[in-house]
Amino acid sequence: MAQPSAQLTIYTARQLTLLRTRRSDQARILFKKISSELTHAVTSYTQALNALKSHQNAWAETQDRISEQHKGHILKGQHFRQDHETLQRMADQAIRLEEKAAADHKAVENLILMATQIRHDLMMAEQKEKQAQDFVKKIQENEKKARYNRDEQELSDLVMARHSASQTKERTKKLIMNKLKS
């Protein structure tokens with residue numbers, strides 16, 4: 001009855017190892033995916049910051065140019081309104097770019113948190129996978145030791161049986177010799 005139990009144990013241990021390996025693989029795939037998303041988000045954030053900086057520089061240059069044009073001149077209402085509308089459009093664009101940069105920054109922060117959690121989960125899954133593999137090896141070693149001990153016991157029993165048979169044969173031979181002598 002020990003054999004079926006041992007076979008069930010090794011089967012169960014191998015199934016556990018397979019499950020843990022699959023979980024580790026899934027965690028690795030998820031970590032690669034989130035890392036890729038994080039790379040894209042950082043790129044997008046960097047581009048948003050660069051666009052904002054570029055726009056702010058252009059806006060400042062436009063303000064300086066308009067100021068220079070207006071020095072010492074009397075402005076007509078239409079030019080003043082056009083300049084004001086230009087600066088207002090640039091201000092609105094700056095707000096949109098700032099909002100995009102802020103949203104991209106928040107996305108990067110969220111992805112970093114997710115990547116950190118997934119990396120932790122991956123490390124735990126790998127640790128559990130290793131433990132399951134070690135468990136399978138331990139069971140296999142125990143089975144090997146038990147098989148070796150059974151073989152040794154069978155050999156010992158065989159040697160004892162041969163020795164006993166040899167002694168019985170010797171006693172029988174002596175009895176026969178003693179009977180023949182008498």
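Partly exposed describes a residue between two cut-offs: buried means under 20% relative accessible area and exposed means over 50%, with a 1.4 Å probe and protein chains only. K130 is partly exposed on that scale, with a relative accessible area of 44%. This is a predicted model, in which local features need pLDDT of at least 70 and side-chain atom pairs count only at pLDDT 80 or more, while totals for chains, interfaces and linings use all residues. Residues are numbered from 1 along each chain as its sequence is written, and side-chain values use heavy atoms, with hydrogens and water left out.

**Helices**

- Helix α1 covers residues 2-70.
- Helix α2 covers residues 77-181.
- Helices here are DSSP runs (H or I, at least four residues), numbered from the N terminus.

**Nonpolar core**

- A nonpolar core is a set of buried Ala, Val, Leu, Ile, Met, Phe, Trp, Tyr and Cys residues joined through side-chain atoms within 4.5 Å.
- The largest such core has seven residues: I34, L38, A41, V108, L111, A115 and I118.
- Both α1 and α2 supply at least two residues of this core.
- The most comes from α2, which gives four residues.
- I118 is in contact (heavy atoms within 4.5 Å) with A27, L30, F31 and I34, leaving aside its neighbours within four places in sequence.
- In soluble globular proteins, nonpolar side chains tend to be buried together.

**Salt bridges**

- A salt bridge is a side-chain nitrogen of Lys or Arg within 4 Å of a carboxyl oxygen of Asp or Glu.
- The structure holds five of these.
- One of them joins the side chains of E126 and R28, at 3.4 Å from N to O.
- E126 lies in helix α2 and R28 in helix α1, so this pair ties together parts that are 98 residues apart in sequence.
- E126 counts as partly exposed, at 28% relative accessibility.
- R28 is also partly exposed, with a relative accessible area of 29%.
- R28 forms a salt bridge with E129 as well, and the closest N and O atoms are 3.7 Å apart.
- R28 sits in helix α1 and E129 in helix α2, so that pair ties together parts that are 101 residues apart in sequence.
- E129 is buried, with a relative accessible area of 11%.
- D25, R28, E126 and E129 are linked in a network of salt bridges.
- K130 and D134 meet through their side chains in a salt bridge, at 2.8 Å from N to O.
- K130 and D134 are four residues apart in helix α2, so about one helical turn separates them.
- D134 is partly exposed, with a relative accessible area of 32%.
- Side chains of opposite charge can pair when their charged atoms come close.

- T17 lies in helix α1 and is buried, with a relative accessible area of 13%.
- A polar atom of the T17 side chain lies 3.2 Å from the backbone oxygen of A132.
- T17 touches A132, Q133 and V136, not counting residues up to four places away in sequence.
- H55 also lies in helix α1 and counts as buried, at 13% relative accessibility.
- A polar atom of the H55 side chain lies 3.4 Å from the backbone nitrogen of A94.
- H55 is in contact with M90, Q93, A94 and L97, leaving aside its neighbours within four places in sequence.

**Nonpolar residues at the surface**

- I176, M177 and L180 form a nonpolar patch on the surface, with about 320 Å² of accessible area together.
- Patch residues have over 30% relative accessible area and no salt bridge; like charges are joined within 9 Å, and nonpolar side chains (Val, Leu, Ile, Met, Phe, Trp, Tyr) within 5 Å.
- Accessible areas come from the Shrake-Rupley method with a 1.4 Å probe, and for residues only the protein chains shown count as cover.
- I176 is found in helix α2 and counts as partly exposed, at 47% relative accessibility.
- F80 lies in helix α2 and counts as exposed, at 51% relative accessibility.
- F80 and I66 are 14 residues apart in sequence and 9.5 Å apart in space, C-alpha to C-alpha.

Note on methods
Polar contact = N/O pair within 3.5 Å; in protein donor to acceptor, adjacent residues only side chain to side chain.
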